[in-house]
Amino acid sequence: MEPRSREGTRRRILDAARRLFAEHGYDEVTMRMLGAEANANIALINRYFGSKRELFAEVLAQQGRFPAVLEEGGDLATSLAEYVADRLGSETDSPVLATLERSASSPAIRELAQDRVRTAILEPLIARLDGEDAELRASIATAIIMGGGRFQQVFGPVTPAPRQAVVDRLTAVFRACLS
């Protein structure tokens, strides 16, 4: 068993919050649920994070940045297509997409969710594109990325076609929306 320490307790709370928010969404998770899952009392959660909303923001911040897909170099359309194809073929939800999907309807954290998508996907995409309609094209690509996660949540993994066929089709879609 992990020794009781400030960092250990903080990590347990974050791990519990990550699991619960991804599974249930922001509105359904209570401080009592978080405390029970993390084996920590509510006062500790409030001391370390301030509020459930601030804990949710920390969970989003801790979820890694959008993969190296957006780093300079390489073909952006193909990189995005490979990322979405991998998400579509995955047996499990992306934790951050699941958290955002299950929580996005909550008025209490809508701004946090929008900020996460904006800073992790939309703005880096805009920065990679040239032209005055870069924001529109990046928005369309972001919608495809987010929609792929939602599709996988509803229908499960896409298995009828080989991965490369999915990547090829998605690459064409991303090339069209990014150009």
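Which residue forms a salt bridge with Asp115? It's Arg118, and the closest N and O atoms of the two are 3.6 Å apart. A salt bridge here is a side-chain nitrogen of Lys or Arg within 4 Å of a carboxyl oxygen of Asp or Glu. Side chains of opposite charge can pair when their charged atoms come close.

Before we go on, keep in mind that this is a predicted model, where local features need pLDDT of at least 70, side-chain atom pairs count only at pLDDT 80 or more, and totals for chains, interfaces and linings use all residues. Residues are numbered from 1 along each chain as its sequence is written, and side-chain values use heavy atoms, with hydrogens and water left out.

Back to our pair: Asp115 and Arg118 both sit in helix α7, three residues apart, about one turn of the helix. (Helices are DSSP runs of H or I with at least four residues, numbered from the N terminus.) Asp115 counts as partly exposed because its relative accessible area is 37%, and Arg118 is partly exposed too, at 33%. The scale goes like this: buried is under 20% relative accessible area, exposed is over 50%, and partly exposed is in between, using a 1.4 Å probe and protein chains only.

The whole structure has seven salt bridges. Another one joins the side chains of Arg175 and Asp75, at 3.0 Å from N to O. This pair ties together distant parts of the chain, 100 residues apart: Arg175 is in helix α9, while Asp75 is in the loop between α4 (52–62) and α5. Then there's Arg137 with Asp133, whose closest N and O atoms are 2.9 Å apart.

Now let's go inside. A nonpolar core is a set of buried Ala, Val, Leu, Ile, Met, Phe, Trp, Tyr and Cys residues joined through side-chain atoms within 4.5 Å. The largest one has 27 residues, and those with the most contacts inside it include Phe66, Leu80 and Phe174. Helices α5 (76–89), α7 (110–128), α8 and α9 (163–178) each give it two or more residues, with α5 providing the largest share, eight residues. Take Leu80: leaving aside neighbours within four places in sequence, its contacts (heavy atoms within 4.5 Å) include Val69, Leu125 and Ile145. Apart from this core lies another, of 26 residues, among them Met31 and Leu55.
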